[in-house]
Amino acid sequence: HFFHNEKIINESSGWSGFIFMFVFTSFWLGIVCFAASITAESGSPRVILFGIFSDFLLLIFGSIGILLIFLCLYLLLKQFNPKFVVELYSSKINLGDEFKFKITSKGNINKINTVTVSFMGIESARYSIGTNTKTETHTFFEYQLPVNGALDRFLGSTITIKIPADKMHSFTSYHNSIEWKIIFTGEIPMNPDIRAEFIIKVGPK
């Protein structure tokens, strides 16, 4: 059912994004290295590959390749951040309800700084301008949970939130959507920041 939640909601894995970026980066660097080797052998960059690659273009494409390598490393490091799980006490949640849940973690949380956990209602509107499509978002409800610098005590504790009855329930269409989310953010020194989002399906009152 549309408004039925799984009682255990896992943080989405980022491995698929890393694998895609790794394959794309390898393909990109392969093309750049191939073009550079042919250019170096010919001694005439302007006639290689129908003039597409000159020394200047190779420099630009090579610089992009270096940025892609750093992006791959960033995505790889992000996979070793702690992962979070939301456990709901009830799978059916409606407007006006008080719903209970807890957040648990997998991994070392001792190095996480500046943690914020929020429950948010977000409206998205998608519209076309000429041949371009633009999406705008608006946060119509936000409640920040009191972590108070004690993440170890916050994790695993029961949290109760009152969902306002006068807001809109979850729905999705081609042009508009309403989503309710639990959003967890945190900073880890010398590592990628944490941002985990958990969609909560909220039914009508």
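1. Basis. The model is predicted, so local features need pLDDT of at least 70 and side-chain atom pairs count only at pLDDT 80 or more, while totals for chains, interfaces and linings use all residues. Residues are numbered from 1 along each chain as its sequence is written, and side-chain values use heavy atoms, with hydrogens and water left out.

2. Salt bridges. A search of the whole structure gives 5 salt bridges (a side-chain nitrogen of Lys or Arg within 4 Å of a carboxyl oxygen of Asp or Glu). One of them joins the side chains of Glu87 and Lys102, at 4.0 Å from N to O. Glu87 belongs to strand 2 (residues 83–88) and Lys102 to strand 3 (residues 98–106), so this pair ties together parts that are 15 residues apart in sequence. Helices (H or I, at least four residues) and strands (E, at least two) are DSSP runs, numbered from the N terminus. Glu87 is partly exposed at 24% relative accessibility, and Lys102 is partly exposed at 25%. On this scale buried means under 20% relative accessible area, exposed over 50%, and partly exposed in between (1.4 Å probe, protein chains only).

3. The side chain of Lys181 meets that of Glu179 in a salt bridge of 3.5 Å, N to O. Lys181 also pairs with Glu197, at 2.9 Å, N to O. Glu197 is in strand 9 and Lys181 in strand 8, so their pair ties together parts that are 16 residues apart in sequence. Through shared partners, salt bridges join Glu179, Lys181, Arg195 and Glu197 into one network. Is Lys181 buried or exposed? Lys181 counts as buried because its relative accessibility is 12%. Glu179, at 24%, is partly exposed, and Glu197, at 32%, is partly exposed.

4. The largest pocket. Its volume is about 200 Å³. A pocket is found on a 1 Å grid over the protein atoms alone: an open set of points where a 1.4 Å probe fits, with protein on both sides within 12 Å along at least five of seven lines; lining residues have an atom within 4 Å of a point. Grid points are joined across faces, edges and corners, and the volume is the space filled by probe spheres set on the points. The lining has 15 residues, and Glu11, Ser12, Lys78, Lys83 and Arg195 lie nearest the centre. Helix 2 (55–78) and strand 9 are the elements that give two or more residues to this lining. Strand 9 gives the largest share, 4 residues.

5. A nonpolar patch. Trp15, Ile19, Phe22, Val23 and Phe80 make a nonpolar surface patch of about 560 Å². Residues in such a patch have over 30% relative accessible area and no salt bridge, and nonpolar side chains (Val, Leu, Ile, Met, Phe, Trp, Tyr) are joined within 5 Å. Areas come from the Shrake-Rupley method with a 1.4 Å probe. Trp15 lies in helix 1 (residues 15–42) and is partly exposed at 38% relative accessibility.

6. Positive phi values. Thr114 is not a glycine, yet its phi is positive, near 50 degrees. Thr114 is in strand 4 (residues 113–129) and is exposed, at 53% relative accessible area. Met190, also not a glycine, has a positive phi of about 65 degrees. Met190 sits in the loop between strand 8 (176–187) and strand 9 (194–200) and is exposed at 82% relative accessibility.

Notes. Patches are made of residues with over 30% relative accessible area and no salt bridge: like charges are joined within 9 Å, nonpolar side chains (Val, Leu, Ile, Met, Phe, Trp, Tyr) within 5 Å.
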